[in-house]
Amino acid sequence: MARAVHDRRISHGGTLLSSHRHTIPDLGVSSWAIVCGRSRTARGAVKVSSDNKAGVGQVFSATCLHAPRRDVLEVMDDVVIHVGEDGFIREVLDPGAPGRDALVDAARQAGSLSVIRSPRFLIPGLVDLHIHAPQWPQLGKALHLPLEDWLQQATFPLESRYSDVVFATATYRSLVSTLLANGTTTAVYFATLHDESTRVLADICIELGQRALVGRVAMDHPGECPDFYRDESSDAAVRGTDDLIAYLARVGKGRVLPAITPRFIPSCTDELLAGLGELAAQHGCHIQTHCSESDWEHDHVLARMGRSDAEALHEFGLVGRHSVLAHANLLGDSDMDLIKQQGAGVAHCPLSNIYFSSAVFPLRRALEKGLHVGLGTDISGGPSASMFETCKHTVHSARMLELGVNARLSADERGVPNSRIDFIEAFHLATAGGAVVLDLPVGRFEPGYRFDAVQIDPDAVDGGILRFDGLDSTEDLLQKTIYGATRSNIAAVWVDGQAVAERAD
Ligand SMILES: [Zn+2]
């Protein structure tokens with residue numbers, strides 16, 4: 001790795017540890033950026049060339065920010081990132097680094113140079129760990145209902161419609177393209193129990209270039225699932241899951257992966273949970289489910305299994321290095337120890353927790369115990385498709401946990417001390433942290449990681465960021481991005497070095 005100096009390190013408290021800021025030299029190219037295959041004429045945007053005959057790969061010249069650890073934000077001023085044709089970052093070169101000028105020249109000649117000029121900057125692609133894809137048409141509605149009514153009256157009837165592949169195709173295409181435009185380069189999806197429309201979701205992710213985990217939902221419990229939306233047997237659910245695993249081994253290109261997906265313990269019989277655990281042992285693929293989300297679920301599992309959600313899932317072979325446990329609000333200390341020991345991860349969903357959970361997830365405690373944690377929108381329990389919104393609500397909910405919410409209690413008994421999370425930690429969780437949960441090489445601008453990236457344009461006229469010359473540092477612009485960025489502030493998105501979304505100017 002040629003880049004030897006971190007330009008700036010900021011502790012999670014915002015303390016500046018060092019500041020070696022590079023000036024931005026003129027690379028001798030026009031202000032036209034170049035991305036593969038597309039053409040635009042807007043200011044600061046794009047000139048096209050899809051020609052890459054020299055096999056240079058893609059080369060990006062930009063200021064880049066990432067948070068490889070939760071207490072470190074690195075601002076890399078005017079670096080050149082060399083991405084191989086396999087989508088992996090080969091080098092990150094500082095100004096003056098040996099070979100940098102020659103690489104830029106070669107890329108310019110090959111038509112594979114992208115120049116992103118300040119104040120625009122790049123961040124790693126966002127990783128959303130928990131999305132219910134079929135609930136996309138329900139985004140922003142039905143949230144006035146209590147959980148049981150939300151499931152039985154709104155959600156299960158909607159999800160049952162995905163027996164219709166035409167309906168599934170239209171809604172899934174809308175969802176995946178919208179999430180890409182919002183900068184979500186890695187998405188972890190629950191689909192439905194329908195085999196064919198689940199394959200449709202995977203196919204759309206492959207076609208549109210999104211990195212994804214796709215799960216065929218398994219739910220066979222006659223006492224908890226309605227007749228119109230239930231697997232006909234545990235065998236059928238296991239077989240459907242196995243078929244999806246085989247299908248994605250053939251067509252997923254390693255970018256779209258299967259996830260074994262028991263909806264949650266209450267909706268699954270013991271036979272089904274055991275069968276899915278066997279599949280997980282056989283294939284070693286990812287697993288996703290809900291865990292200790294609410295008092296109802298938590299108590300239901302305790303009464304039925306005589307143990308906690310995490311313990312019961314573990315006994316069925318469903319808690320391992322590639323497990324994503326959504327919510328996890330009511331984990332006890334022994335549950336956290338178990339999850340850490342197994343190397344499993346938590347998808348923290350702060351926005352939907354407001355509506356359907358019983359408590360705020362103790363994020364700080366989980367992080368200090370060393371659990372892998374990332375963030376999820378939980379569409380449509382969470383009424384936003386934006387991972388920036390999710391970051392913001394991560395900060396908000398942690399602050400409320402620390403300070404407390406009941407004004408009738410005295411200040412010293414109102415909250416849970418040492419619970420707050422700052423914007424850098426939230427940014428880390430939405431990028432590198434989520435990648436660690438999934439055990440995927442994304443979320444950082446470092447050699448050996450895949451180039452999944454988002455170009456932020458703070459000056460988008462209809463965006464949500466106010467920038468003031470001389471007042472806003474690049475770190476400030478990242479914080480303003482998290483608190484205010486809209487889809488308009490996202491100028492372009494790449495997965496594996498290939499453009500997958502661009503703002504229409
Ligand atoms: Zn969920």
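This is a predicted model: local features need pLDDT of at least 70, side-chain atom pairs count only at pLDDT 80 or more; totals for chains, interfaces and linings use all residues.

Colleague: What is the mean pLDDT of the protein chain?

Modeller: The mean is 90, and 89% of the residues reach 70 or more. By pLDDT I mean the predictor's confidence in each residue, from 0 to 100. Over residues 1-53, though, the pLDDT is below 50. That stretch still has 108 contacts in the model beyond near neighbours in sequence, a contact being two residues whose C-beta atoms, placed from the backbone, lie within 7 Å.

Colleague: And the secondary structure, how many helices and strands?

Modeller: The protein chain has 15 helices and 21 strands. These are DSSP runs numbered from the N terminus, H or I of at least four residues for helices and E of at least two for strands. Taking contacts between residues at least 6 apart in sequence, 73% join residues at least 24 apart.

Colleague: How much of the chain is buried?

Modeller: Of the 505 residues, 53% count as buried. The cut-offs are 20 or more other C-beta atoms within 10 Å of a residue's own for buried, 12 or fewer for exposed, and partly exposed in between, with C-beta atoms placed from the backbone.

Colleague: Which residues touch the most other members of the largest nonpolar core?

Modeller: Ile81, Tyr189, Leu201, Val214 and Cys391, in a core of 143 residues. A nonpolar core here is a set of buried Ala, Val, Leu, Ile, Met, Phe, Trp, Tyr and Cys residues joined through C-beta atoms within 7 Å. Helix α14 (residues 423-438) gives the most to this core, 10 residues.

Colleague: Where does that core lie relative to the domains?

Modeller: Between them, because domain 1 (8-124 + 453-483 + 491-502) and domain 2 (126-438) both give residues to the core. Those bounds come from an automatic or database domain assignment.

Colleague: Let's zoom in on leucine 201. What is in contact with it?

Modeller: Leaving aside neighbours within four places in sequence, leucine 201 contacts Ala133, Tyr172, Tyr189, Ala191 and Val214.

Colleague: Next, helix α1. Which of its residues are buried?

Modeller: In α1 (residues 100-110) they are Arg100, Leu103, Val104 and Ala107. Seen down the axis, these residues fall within an arc of 100 degrees, so they line one face of the helix. The arc is taken over the directions from the helix axis to the C-beta atoms. Their cover includes β5 (58-69), β6 (72-83), β7 (89-93) and β8 (113-115). Just after α1, glycine 111 takes a positive phi of about 75 degrees.

Colleague: Where is the kink in α2?

Modeller: At alanine 154, about 30 degrees, shortly before proline 157 in a helix that covers residues 147-160. The bend at a residue is the angle between axes fitted to the seven residues ending there and the seven starting there. Leu151, Thr155, Leu158 and Glu159 are buried in α2.

Colleague: Tell me about tryptophan 494. Is it buried or exposed?

Modeller: Tryptophan 494 counts as buried because it has 27 C-beta neighbours inside 10 Å. This residue is in strand β20 (residues 490-495). Its C-alpha atom is 7.2 Å from that of phenylalanine 451, which is 43 residues apart along the chain.

Colleague: Now the backbone. Which peptide bonds are cis?

Modeller: Two to look at: serine 118 to proline 119, with omega about 10 degrees, and isoleucine 379 to serine 380, with omega near 0 degrees. Proline 119 sits in the loop between β8 and β9 (121-124), while serine 380 is in the loop between β18 (372-375) and α12 (387-403). I'd point these out because most peptide bonds are trans, and most residues other than glycine have a negative phi.

Colleague: What about phi at histidine 327 and aspartate 439?

Modeller: Histidine 327 has a positive phi near 80 degrees, and aspartate 439 has a positive phi of about 60 degrees. Histidine 327 is in strand β16 (residues 323-327) and counts as buried, with 28 C-beta neighbours inside 10 Å. Aspartate 439 lies in the loop between α14 and β19 (453-456) and counts as exposed, with 12 such neighbours inside 10 Å.

Terms used: Residues are numbered from 1 along each chain as its sequence is written.
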